[in-house]
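The sequence and structure are shown first, and the description follows.

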Amino acid sequence: IQGSENRSHDFDDQFHPLYHHIEERWLNIARAMLQDQALPPVELIKVGEAYYVRDGHHRISAARALGQREIEANVTTWTVAQI
């Protein structure tokens, strides 16, 4: 996952939260993951070989911090026109 469609100001390039108010929600998501609670799939956009987060920034961030290598996702593929 390369970046964000619309939340790049809230997370750094490794998806660590940048602000305290984000951390509380992040902790709740991480707890849910540790307790194996079902969470909705994240929404990703695929452009070429890169993926960008549309929805699910906290889930991506928590999953990375917990060492998850995979996450359930709905992926929309954008095709780049060759000019």
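How many helices and strands does the secondary structure of the chain come to? The chain has 2 helices and 4 strands, where helices (H or I, at least four residues) and strands (E, at least two) are DSSP runs numbered from the N terminus.

## Model and overall fold

This is a predicted model, in which local features need pLDDT of at least 70 and side-chain atom pairs count only at pLDDT 80 or more, while totals for chains, interfaces and linings use all residues. Residues are numbered from 1 along each chain as its sequence is written, and side-chain values use heavy atoms, with hydrogens and water left out.

Along the sequence the elements follow the pattern β-α-β-β-α-β, and the C-alpha atoms fill a box of roughly 45 × 25 × 20 Å, taken along the principal axes. Of the 83 residues in the chain, 28% are buried, a term that stands for under 20% relative accessible area, with exposed meaning over 50% and partly exposed lying in between (1.4 Å probe, protein chains only). Among contacts (heavy atoms within 4.5 Å) with a separation of 6 or more, 65% are accounted for by residues 24 or more positions apart.

## Packing of the two helices

Two packed helices are described by the angle between their axes and the distance between the axes. The axes of helix 1 (residues 20–34) and helix 2 come within 9 Å and cross at roughly 60°; axes here are lines fitted to C-alpha atoms, for helices over the stretch in contact, and angles run from 0 to 180 degrees between N-to-C directions. Helix 1 and helix 2 are therefore oblique to each other, given that angles under 35 degrees count as roughly parallel, over 145 as roughly antiparallel, 65 to 115 as roughly perpendicular and the rest as oblique.

On the helix 1 side, the contact is made by Ile22, Arg25, Trp26, Ile29, Ala30 and Met33, and on the helix 2 side by His58, Arg59, Ser61, Ala62, Ala63 and Ala65. Leucine 34, which also lies in helix 1, counts as exposed at 61% relative accessibility.

Serine 61 is found in helix 2 (residues 57–65) and counts as buried at 4% relative accessibility. Apart from neighbours within four places in sequence, serine 61 is in contact with Phe11, Phe15, His16, Pro17 and Trp26.

Arginine 59 lies in helix 2 and is buried, with a relative accessible area of 9%. Not counting residues up to four places away in sequence, arginine 59 touches Ile29, Met33, Leu39, Pro40, Pro41, Val42 and Ile71.

## Nonpolar cores and the aromatic pair

The largest nonpolar core has 7 residues in all, namely Phe11, Phe15, Ile22, Val42, Leu44, Val53 and Ile60; such a core is a set of buried Ala, Val, Leu, Ile, Met, Phe, Trp, Tyr and Cys residues joined through side-chain atoms within 4.5 Å. A second, separate core of 6 residues includes Ile29, Ala30, Met33 and Ala63.

The count comes to 1 aromatic pair, under a rule by which rings of Phe, Tyr and Trp (its six-membered ring) pair if their centres lie within 6.5 Å, with planes under 30 degrees apart counted as stacked, over 60 as edge-to-face and the rest as tilted. Phenylalanine 11 and phenylalanine 15 form this tilted pair, at 6.4 Å centre to centre and 40° between the planes. Phenylalanine 11 is buried at 4% relative accessibility, and phenylalanine 15 is buried at 3%.
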